[in-house]
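Dear colleague,

I am passing on the structure we talked about, with its sequence. Please look it over first; my notes on it follow below.

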Amino acid sequence: MGQPASSHPGVSYVMPVYNEAAYIDDAIESVLAQQYAGERELVVVLGPSTDGTTERVHARAAADARIRIVENSQLSIPLSLNLGIRAAAHDVIVRVDAHTELPADYTALGVATLQRTGAASLGGLMVATGRGRLQSAIARAYNSRFGLGGGAYHGGASEGPAESAYLGIMRRGPLEQVGLYDEGLKRGEDWELNLRLREAGHLVWLDPALRVAYWPRDTWSKLARQFTATGIWRGELVRRLGGRNSLRYFAPPALVLASALSAVLIVLELVGLVTGLAAWLLSIVYLGPVLYLVLLLMLLVSGSSGERLADRATFVGVIVVMHYSWGAGFLRGLVVGARDAVDRSRIES
């Protein structure tokens with residue numbers, strides 16, 4: 001696999017943006033402040049925002065020639081990414097998100113790793129951060145193995161080949177070879193792209209030295225909507241790809257099913273329709289929810305969940321919303337497909 005000819009190849013940052021007025025200036029500033037010797041440009045792909053984001057981005061572009069704007073009238077991240085990649089001037093593509101802030105050495109470290117490993121796609125760690133009790137609790141859940149199921153890019157992994165890459169520092173050639181992002185997906189597009197890269201014989205790499213600050217959703221409704229949509233599209237990917245999905249994706253839907261069956265069984269036992277040996281045999285469905293309640297109680301008293309009881313209780317609530325929203329969404333996507341499901345939390349300004 002070839003490598004960029006220059007030690008400092010040109011870099012195009014591609015940033016899909018929709019209703020991000022609270023975060024867009026910091027995200028753009030972190031890109032423009034990169035300490036990297038090669039040529040750089042920021043391609044902002046603007047969705048039809050309603051919160052002033054469009055005006056902010058146009059003002060920044062008018063003041064800095066490194067910022068280019070591509071318009072996208074549809075609410076589709078994969079389409080936005082493909083439009084940005086096709087418009088990009090350089091062969092190294094760095095995906096950035098309007099909810100992220102890159103450390104100043106992110107590009108230099110990433111390009112060096114890209115050249116050292118020959119990877120087609122590489123990523124680092126998502127380091128979630130928050131303001132206020134709720135967003136801070138959501139950030140702790142993102143960073144916890146209990147929140148997002150132990151994905152490598154949420155911490156604790158060592159450098160090496162990976163299943164997927166968070167955000168992605170990528171070489172244009174392999175991306176074009178596999179057909180860029182799948183525009184039929186609304187979520188999970190990173191994982192699916194990296195799967196196709198790996199199946200085409202390319203290397204996907206994790207470098208924990210790359211750390212990206214991420215601002216998660218900041219309300220209960222946004223969190224639930226985000227995780228429901230993510231679960232739906234993971235269920236859709238399982239429909240399409242079957243066993244090529246990690247077993248950890250099946251834990252939340254199994255919990256949702258066990259909880260639903262437990263609730264039904266309790267009602268049947270209370271009205272006397274299930275008794276005796278049948279009740280004892282069927283009570284196995286209680287095991288999952290009971291163990292989950294034990295886990296939640298442990299998190300409620302753990303100092304890692306927060307300093308004060310209110311902080312820990314908020315953290316536990318966040319964990320429950322994440323797991324049940326994602327699990328319920330997964331089951332919907334698995335049974336009926338994703339159809340046109342979108343992350344409605346992005347529509348809230």
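Which residue in strand 2 is the bridge partner of S12? The partner of S12 in strand 2 is E41. Please bear in mind that this is a predicted model, in which local features need pLDDT of at least 70 and side-chain atom pairs count only at pLDDT 80 or more, while totals for chains, interfaces and linings use all residues. Residues are numbered from 1 along each chain as its sequence is written, and side-chain values use heavy atoms, with hydrogens and water left out.

To begin with the strands: strand 1 (residues 11–17) pairs with strand 2 in the parallel sense over 7 bridges, and strand 2 pairs in the parallel sense with strand 3 (residues 67–71) over 5 bridges, where pairing requires that DSSP finds at least two bridges between two strands. Helices (H or I, at least four residues) and strands (E, at least two) are DSSP runs, numbered from the N terminus. In strand 3, I67 is the bridge partner of L42. Strand 1, helix 1 (residues 24–32) and strand 2 form a right-handed β-α-β unit, and strand 2, helix 2 (residues 53–63) and strand 3 form a right-handed β-α-β unit as well; right-handed here means that, with the strands pointing away from the viewer, the path from the first strand over the helix to the second runs clockwise.

Strand 2 (residues 40–46) is mostly covered, with 6 of its 7 residues buried, that is, under 20% relative accessible area, as against over 50% for exposed and in between for partly exposed (1.4 Å probe, protein chains only). The largest nonpolar core has 68 residues, of which M15 and L42 touch the most other members; such a core is a set of buried Ala, Val, Leu, Ile, Met, Phe, Trp, Tyr and Cys residues joined through side-chain atoms within 4.5 Å. Helix 13 (residues 309–336) supplies the largest share of this core, 9 residues. Apart from this core lies another, of 22 residues, among them V70, I77, A162 and V204.

Turning to the helices, helix 5 (residues 132–143) has 12 residues and reaches 16 Å from its first C-alpha to its last, close to the 16 Å expected at 1.5 Å a residue, the expected span being 1.5 Å times one less than the number of residues. Its buried residues include L134, I138 and Y142. L257, found in helix 10 (residues 251–270), counts as partly exposed because its relative accessibility is 45%.

Best regards
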